[in-house]
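Subject: Structure handover

Hi,

Here is the structure I promised to pass on. Please open it first, then read my notes below.

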Amino acid sequence: LAAGESAPAADGFLWLTTDVVADNVEPETGTKLYPGGGATEGAAYDQDTNTLTLTDFSGPTLNLIAREMGSGFKIVVNGTNTLKCVRVYGGTHGGALTIEGTGTLTINNSADTAYYAGIDLRGEGVETALAIGAEVTLHVTGRDGSGAVSVAPAPTDSKPITWSGTLSNGQ
């Protein structure tokens, strides 16, 4: 972790799931990546660096649900990857997300009836920010009538979304 970044909380969790869950509820089915260091084809979590690496991962029906993963939580994208939704809950331990790498990540939440934005960061009283690296390509589509990305609440003195890569809303 870089200086000033926090690691995941002991009671945090990271899942790939088709479950629709409330803000603080752990999914019941899917692949649990943290705690326990789980992995599935094309997706592996490294607790030492607080990084989920996606390599040609195909999950167009999967929600990535992260709870209290700390301010240093990263997704590194290699190759071509798909997810349905990314939800990051801060709890008491940090709700920031950095997406970087040299690949493409497509998040398409347009047909969902439970979640709205393709990327949804909920600070719940802690730092909330989304950073997109210079070499990653990110395509995000939210549910019809909703935004592609939601960052709430963000501190009033911060820049809740920063990017130097390519960001599109899926249109």
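Start with strand β8. Eight of its 10 residues are buried, so β8 is largely enclosed by the rest of the structure. Bear in mind that this is a predicted model.

**The chain as a whole**

The chain has 16 strands and zero helices. Of its 171 residues, 46% count as buried. The accessible surface is about 7,600 Å², and carbon and sulfur atoms make up 49% of that.

**The partners of β8**

Which strands pair with β8? Strand β6, residues 58–67, is one of them; the two run in the parallel sense over seven bridges. Within this pairing, L64 has V86 of β8 as its bridge partner.

Strand β10 is another partner. Four bridges join β10 to β8, and the two run parallel.

**K84**

Look at K84 next. This lysine sits in β8, which covers residues 80–89. Is K84 buried or exposed? Its relative accessibility is 18%, so K84 counts as buried; the cut-off is under 20%.

**Salt bridges**

Side chains of opposite charge can pair when their charged atoms come close. How many salt bridges does a search of the whole structure find? The search finds four.

One of them links D120 and R87, with the closest N and O atoms 2.9 Å apart. D120 lies in β11 and R87 in β8, so this pair ties together parts that are 33 residues apart in sequence. Salt bridges with shared partners join R87, D120 and R122 into one network. D120 is buried, at a relative accessible area of 5%. R87 is buried too, at 4%.

R67 and E68 form another salt bridge, and their closest N and O atoms are 3.5 Å apart. Both of these residues are buried.

K32 bridges to E26, with 3.2 Å between the closest N and O atoms. K32 counts as partly exposed because its relative accessibility is 34%. E26 counts as partly exposed at 32%.

**Y116**

Last, a loop residue. Y116 lies in the loop between β10 (104–108) and β11 (119–122). At 44% relative accessibility, Y116 counts as partly exposed.

What does Y116 touch, once residues up to four places away are left out? The answer is N109, G142, R143, S146 and G147. Take G147 from that list: G147 is 31 residues from Y116 along the chain, yet their C-alpha atoms are separated by 7.5 Å. N109 deserves a look as well.

Best wishes

How values were computed: Residues are numbered from 1 along each chain as its sequence is written. This is a predicted model: local features need pLDDT of at least 70, side-chain atom pairs count only at pLDDT 80 or more; totals for chains, interfaces and linings use all residues. Side-chain values use heavy atoms; hydrogens and water are left out. Buried means under 20% relative accessible area, exposed over 50%, partly exposed in between (1.4 Å probe, protein chains only). Accessible areas come from the Shrake-Rupley method with a 1.4 Å probe; for residues, only the protein chains shown count as cover. Contact means heavy atoms within 4.5 Å. A salt bridge is a side-chain nitrogen of Lys or Arg within 4 Å of a carboxyl oxygen of Asp or Glu. Two strands pair if DSSP finds at least two bridges between them.
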